[in-house]
Amino acid sequence: MIYIVTQKEKKIGMLALTLIAIAILTTTLFSGCTEQKNNGTTATLSLGGSTTVQPIADSCAQAFMAKHTNITVQVYGGGSAVGIKGVAQGTYDIGDASRAAKADDLTGIQGVTLADLVQHKIALDGIAIIVSKEIYNAGVTNISKTQLKGIFNRTITNWKTLGGPDKTIFVVGRDSSSGTYTSINDMLGLNKTTQILDVAKSENAQVKAAVAGQDNSIGYVGLGFVDTNTPALKINGIAPSISTVTDNTYPLSRPLYMYTKGPATGVEQMFIDFVLSSEGQAIVAQEEFVPLP
Amino acid sequence: MKRKTLVGSLLKIIKNTFRRENATPKKILCTVTILVSSLISLLGFFSTVFSFYIGDEPVRILLGIVAVLFSFLLYYSLVKAKKTKESIGLLVFTVFVFFLAYALPMIPPKYGLEQFQMNASLLKFMIVSVALVIVGVLGASFTMKPLYNFTSRANQASAYFILTFALLLILYPLAIIIVNISINGIGGFSIDFFTKDVIKHGAEGGVNHAIIGTFIIIFGTGAIALTLGVASAVYLIEYAKTGPIVRIIRIAIDILQGIPSIVFGLFGLAVFVPIFGISILSGILVMGFMTLPIVIRASEEALLCVPKSVREGSYALGATKWQTIRRVVLPPALPGIITGAVLGLGRAAGETAPLMFTAAIFYSKIPVSIFDPVQTLSYHLLQLTRWIGAYPVDQNAWATALLLIGFVLGMNAIAIIIREKFRVEF
Amino acid sequence: MRMLLSRKLKEAVIKNIFFIAAAFSVFIIFFIFYYLFQQAFPAFQNQGFAIFGTTWNSDTGHYGIGAAIYGSIIVTVGAMIIAIPLGLAGAIFLSELAPPYLRTLLKPIIELLAGIPSIVFGFIGIILLVGYLHLTFDMLSGYSYLAGSLILGVMAIPIIVSMSDDAMKAVPRDLKEASLAVGATQWQTIKKVIIPTSISGISAGVIMGIGRAIGETMAVSLVLGNIMKIPIPPWNIFESKVTTVTSFIVTEMGESSGIQTKALFASAVILFVIVAVMSIVSNILKEHVQKKFKGG
């Protein structure tokens with residue numbers, strides 16, 4: 001059987017092709033139109049970096065976009081180091097960081113020095129030391145800073161040393177681009193070799209997931225990531241909370257930052273103002289971090 | 001046609017056993033032994049899966065029964081059939097089972113592996129269950145020997161028994177995956193799930209944007225892969241003469257097929273993202289290249305199905321090569337090409353790694369141009385998976401997994417329907 | 001005359017368009033290798049052969065991915081220990097044992113296993129497998145080589161079944177019948193005639209399975225701990241502080257920079273080369289099969 005396209009089929013085929021082409025053209029043109037319709041300008045704002053700041057940035061972005069429908073805000077993670085580098089290189093408009101930027105964050109980036117980055121403090125945080133709820137329920141609810149250091153540098157390896165069950169401690173932490181990772185090192189007097197982890201996760205939520213998923217774990221996350229599944233230990237008797245972080249009695253408190261290259265302008269300014277406004281700070285509290293006093 | 005399945009053979013054995021003249025004690029004994037052994041191995045298997053221990057006494061009793069049965073078999077083969085040499089295996093096995101019946105329940109509850117510097121232990125139930133499975137399978141295999149009078153038929157029956165068991169082992173993980181995802185996922189299907197976008201880190205809301213994004217990626221990938229792929233196949237089948245160039249092209253296509261998806265992702269990150277940013281365009285370029293070999297293969301096969309005579313007839317009527325391809329060869333090959341393409345796109349729908357670095361994002365508006373990033377079902381599932389335990393995303397994760405599998409299955413089904421309905425027979 | 005010339009021209013142009021399309025695949029391969037290598041080169045330069053070493057410490061500037069390569073090998077070996085026997089058994093069952101109705105039922109089911117997206121395997125791994133292993137083997141954590149091998153093994157099985165089944169079905173009937181005619185049982189025929197004849201096809205399937213296991217990313221990265229270390233002892237499949245090349249690229253890519261990123265690209269290049277070589281070998285084996293049966 002020889003399959004020869006009849007005239008009718010040819011016509012149908014051409015018709016179909018034309019329709020599809022028109023559909024494609026209209027959608028692409030039309031999408032250009034909608035952009036123009038909205039006040040004639042569309043702007044995109046990109047934020048990236050700390051996964052501690054990320055939930056705040058995400059929720060603020062959604063609220064901000066609801067107010068300004070012609071602005072698109074995209075939030076990425078990656079860790080504080082990525083955020084600082086990213087804003088310096090122009091990959092992100094705003095770099096989120098859960099620690100202060102240092103000079104060697106910018107090694108390899110030409111033409112940008114630490115002085116070029118403008119720091120905006122947007123919230124406070126207390127690094128919470130979370131444990132599996134089985135451990136917490138077994139009585140391990142308080143720990144000293146020295147014991148904490150011992151857990152991370154492996155001088156303490158079993159929960160029974162701390163009054164808990166006879167189980168090996170499974171230590172969950174972050175990778176080296178994380179601001180929280182660096183903060184823990186700074187606060188406990190450790191470094192990349194002495195902070196020994198069993199697993200290194202790339203964001204707060206995954207640390208929490210790892211600790212929640214086992215019955216023998218400890219990990220560190222931002223304050224907003226604590227809940228009954230992963231309760232936080234008191235450090236030297238002080239529990240992490242909005243009040244203990246605000247008055248700095250919680251030993252592992254720290255500020256959260258957004259960095260811009262040069263002073264914030266235009267949409268960047270609008271967004272940072274939003275985060276610092278009462279609405280933005282209410283969102284900070286909603287995400288269970290600590291609003292600026 | 002002889003049925004060689006386990007069930008078939010078992011039924012045959014049982015049927016034969018109950019035929020008066022065939023119901024020798026030996027046959028009954030063997031049948032019983034096989035049944036008991038199979039049951040024991042199934043029991044062991046299920047206790048591994050559901051993590052329970054049937055208890056010291058039951059283990060002893062079961063193994064004891066097997067040992068006794070095998071003693072009888074031993075008696076038969078040594079004394080009655082006088083096959084001393086072949087019975088050595090049976091003897092060893094019987095002794096082994098007696099030993100296990102005595103020793104297994106006495107194992108301590110936990111055998112720590114710390115002495116091997118491994119932070120794990122072998123739990124009693126696991127050891128016992130595995131032992132039961134092994135005893136069961138070996139027992140049934142060994143029973144074949146006296147049953148078939150130690151001929152090579154016996155070896156065959158043993159081998160077939162083990163093969164059937166292996167098949168069950170293969171089907172088992174598939175069953176777990178499908179059953180679990182279906183049961184847990186269906187609860188997450190709701191109107192909201194399909195119509196709403198991501199809310200609260202994916203714990204609430206739905207995958208509406210992800211569904212749209214997945215479709216966008218599929219269409220874009222299809223456009224690129226089909227254009228390049230069909231053209232390549234046309235060249236390879238219609239124009240190419242065998243030679244070094246064609247060989248190199250084929251090798252390149254094979255290598256392309258084998259490249260891991262993450263290498264494509266990095267390639268996109270290195271080449272397309274600096275130019276186009278994280279965007280649909282970067283994504284479909286990378287996915288298009290990844291799907292290309294599958295489409296080429298399918299198109300080649302479809303074109304090969306068109307017989308030479310049809311082409312020659314066309315040339316005989318004075319048509320040029322291009323006219324022949326366009327009007328005579330391609331149209332009947334089209335269903336096969338589309339089938340292959342749809343199958344390839346079904347696989348592409350499930351891919352995560354290439355899009356992670358080039359196009360995907362978790363929160364976004366519906367993309368309005370090809371320079372916007374997209375959500376996809378696969379990337380959505382990835383993020384939800386990473387957050388299990390951190391946010392209450394479990395229900396949505398199961399539902400997304402179910403949707404994803406359903407999607408891929410659906411595309412496979414469409415491909416098969418296209419193939420069956422539009423197939424042109426020559 | 002003019003009509004003929006322009007028509008010939010048109011034909012030639014069209015032929016060349018198609019040629020370029022086909023040759024594009026070759027270009028893509030080269031592009032991929034070139035751009036990846038371009039990104040990776042600084043790492044190779046900076047590290048030299050230490051890139052295959054096992055020290056990974058961004059403070060001291062060591063970026064040795066040896067531990068990841070070791071991890072990939074271990075996990076793949078484990079996966080193959082599971083996949084090859086089961087896959088081969090499945091293929092034998094499918095091609096020789098199963099009656100037609102069972103075969104038409106089972107083949108699509110096994111294809112179904114092949115079609116499940118890898119992220120779904122990773123999801124199942126985390127939500128079902130890791131917890132199960134943690135309890136069943138009293139492990140420190142379910143994230144381990146063991147989990148990785150189990151998942152990859154299951155993923156590789158359908159590939160081996162599929163290709164071995166094709167290979168065994170392609171064995172000419174006369175060979176099988178000749179064997180049966182001299183009195184061999186079917187199993188003896190399988191053992192001594194069918195499998196040796198189809199061994200190239202089976203090997204090609206195994207190699208493809210290995211390729212899949214080595215290149216698999218999502219499924220394995222979710223069930224490992226992702227720390228660049230070789231466990232002590234090296235064969236400790238219960239160890240969670242491990243990684244493979246693919247997992248490491250995925251987890252680190254989002255948050256690395258400088259030489260570290262280049263080192264990740266270098267891992268991708270190494271991966272690419274390994275897979276390319278395996279693909280070529282598999283190809284040669286398949287050609288060998290073709291030749292064998294064309295001659296017979």
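Is A:Asp125 buried or exposed in this model? With a relative accessibility of 0%, A:Asp125 counts as buried. Here buried stands for under 20% relative accessible area, exposed for over 50%, and partly exposed for what lies in between (1.4 Å probe, protein chains only).

Before we go on, a word on how to read the model. It is a predicted model, in which local features need pLDDT of at least 70 and side-chain atom pairs count only at pLDDT 80 or more, while totals for chains, interfaces and linings use all residues. Residues are numbered from 1 along each chain as its sequence is written, chains are lettered from A and ligands numbered from 1 in the order in which they are written, and side-chain values use heavy atoms, with hydrogens and water left out.

**Chains A and C**

Let us start with chain A, whose secondary structure comes to 10 helices and 11 strands. Helices (H or I, at least four residues) and strands (E, at least two) are DSSP runs, numbered from the N terminus. Chain A has 293 residues, and 52% of them count as buried. Contact means heavy atoms within 4.5 Å. Taking the contacts in chain A between residues at least 6 apart in sequence, 73% join residues at least 24 apart. Its accessible surface is about 12,300 Å², and carbon and sulfur atoms hold 57% of that. Such areas come from the Shrake-Rupley method with a 1.4 Å probe, and for residues only the protein chains shown count as cover.

Chain C has 10 helices and 2 strands. Read from the N terminus, its elements run α-β-β-α-α-α-α-α-α-α-α-α. The C-alpha trace of chain C spans about 75 × 70 × 30 Å along its principal axes. Of its 296 residues, 59% are buried. The accessible surface of chain C is about 12,100 Å², with 70% belonging to carbon and sulfur atoms. The place of each charge is taken as NZ of Lys, CZ of Arg, CG of Asp or CD of Glu.

**Salt bridges**

A salt bridge is a side-chain nitrogen of Lys or Arg within 4 Å of a carboxyl oxygen of Asp or Glu. By this rule there are 20 salt bridges over all chains. Here are some of them:

| Pair | Closest N to O distance |
|---|---|
| A:Arg254 and A:Asp125 | 2.9 Å |
| A:Asp227 and A:Lys208 | 2.9 Å |

Our opening residue, A:Asp125, forms a salt bridge with A:Arg254. A:Arg254 lies in strand S11 (residues 253-261) and A:Asp125 in strand S4 (residues 117-126) of chain A, so the pair ties together parts that are 129 residues apart in sequence. A:Arg254 is buried as well, at 6% relative accessibility.

A:Asp227 pairs with A:Lys208 in another salt bridge. This pair links distant parts of the chain, with A:Asp227 in the loop between strand S9 (217-221) and strand S10 (234-235) and A:Lys208 in helix H7 (residues 204-212), 19 residues apart. A:Asp227 is partly exposed at 31%, whereas A:Lys208 is buried at 2%.

C:Asp138 is partly exposed at 30%, and B:Lys110 is partly exposed at 46%. Elsewhere, salt bridges that share partners join A:Arg154, A:Asp198 and C:Lys241 into one network.

**A positive patch and a buried threonine**

Which residues form a positive surface patch? They are B:Arg326, B:Arg327, C:Arg7 and C:Lys10. Helix H14 (321-349) of chain B and helix H1 (2-47) of chain C each give two or more residues to this patch. Patches are made of residues with over 30% relative accessible area and no salt bridge, with like charges joined within 9 Å and nonpolar side chains (Val, Leu, Ile, Met, Phe, Trp, Tyr) within 5 Å. B:Arg326 is partly exposed, with a relative accessible area of 39%.

B:Thr352 sits in the loop between H14 and helix H15 (353-358) of chain B. B:Thr352 is buried, at 0% relative accessibility. Leaving aside neighbours within four places in sequence, B:Thr352 is in contact with B:Ser378, B:Tyr379, B:Leu382, C:Ile119 and C:Met218.

How values were computed: Lys, Arg positive; Asp, Glu negative; His and termini not counted.
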